[in-house]
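Dear colleague,

I am passing on the structure we spoke about, with some notes on its side-chain packing and pairing. Please look it over before reading on.

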Amino acid sequence: MQSKFNRINSKQKVAVIAAFCINTRAIGKNGKIPWIIPEDLHRFKKITSGSAVIFGRKTFESIGRPLPERFNIVLSRNNDFSAESVATAHSLQEGLLLAENAGYEKIFICGGAKVYEEGLLFANTIYATEISGNFEGDAFFPEIPDTFTETERTACSNGNYDWEFVTYQRKKS
């Protein structure tokens, strides 16, 4: 088994997938998402189905169950943490290795804030839902590094919210 996951040498496609308020960068408050956008949830399911998904423990617990049709990996520093139908890892690198060793070509990093921050080091794609407005939060999405470039943007609205689906790709070095 490989000792470390290496984005550059890996055949796997690692992506960050997140929804955040474009003005405040909030992704959550009190363990909850500050908005409900069915179109975003549908996009998340469509993009991640059949792949590995990696969550921090708090994010996983806020969802309340493993996501169907995906290999769920939960990150926890607690050696006693376990949940039915999920794999547990104690670091993001360990989680990436679990997904890689299980044969998944697509791995999605799904939050929370600390996991996103570290995940941006490994990701070659970011699928962002950038929501307009001023939402308060206690968990925030990091600034997108200048090592990424925007490749696609679609404006959307459902009468309650305005948002944009944005894809960023890591620049070739």
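Does E143 count as buried or exposed? Bear in mind that this is a predicted model. At 58% relative accessibility E143 counts as exposed, because the cut-off for that class is over 50%.

E143 forms a salt bridge with R25, in which the closest N and O atoms are 3.5 Å apart. E143 sits in the loop between β8 and β9 (148-157) and R25 in the loop between β1 and β2, so the pair ties together parts that are 118 residues apart in sequence.

The structure holds six salt bridges, and R153 takes part in a bridge with E130, at 3.2 Å from N to O. That pair links strand β9, where R153 lies, to strand β7, which holds E130, across 23 residues. R153 is partly exposed, with a relative accessible area of 34%, whereas E130 counts as buried at 5%. R153 also forms a salt bridge with E164, the closest N and O atoms being 2.5 Å apart, and here the link runs between strand β9 and strand β10 (residues 162-170), with the two residues eleven apart. E164 is partly exposed, its relative accessible area being 28%, and salt bridges that share partners join E130, E150, R153 and E164 into one network.

Turning to the aromatic residues, the count comes to seven pairs. The rings of W35 and F135 have centres 5.0 Å apart and planes at 70°, so this pair is edge-to-face. W35 belongs to the loop between β2 (26-28) and α1 (38-48), and F135 to the loop between β7 (125-131) and β8 (139-140), 100 residues apart. W35 counts as buried at 4% relative accessibility, and F135 is buried as well, at 17%. F71 and Y104, by contrast, form a stacked pair, with 5.2 Å from centre to centre and 5° between the planes. F20, Y116 and F141 form one aromatic cluster.

As for the nonpolar packing, the largest core has 27 residues, of which V16, I126 and F141 touch the most other members. Strand β1 (residues 13-21) gives the most to this core, with four residues. Leaving aside neighbours within four places in sequence, V16 is in contact with residues including I109, Y116, L120, I126 and F141. Apart from this core lies another, of twelve residues, among them I17, F55, V74 and F81.

With best regards

Conventions
Residues numbered from 1 in each chain as written. Predicted model: local features only at pLDDT ≥ 70, side-chain atom pairs only at ≥ 80, totals over all residues. Heavy atoms only, no water. Core = buried A, V, L, I, M, F, W, Y, C linked by side-chain atoms within 4.5 Å. Buried < 20%, exposed > 50% of the residue type's maximum accessible area, 1.4 Å probe, protein only. Contact = heavy atoms within 4.5 Å. Phe/Tyr/Trp six-rings, centres within 6.5 Å; stacked < 30°, edge-to-face > 60°. Salt bridge = Lys/Arg side-chain N within 4 Å of Asp/Glu carboxyl O.
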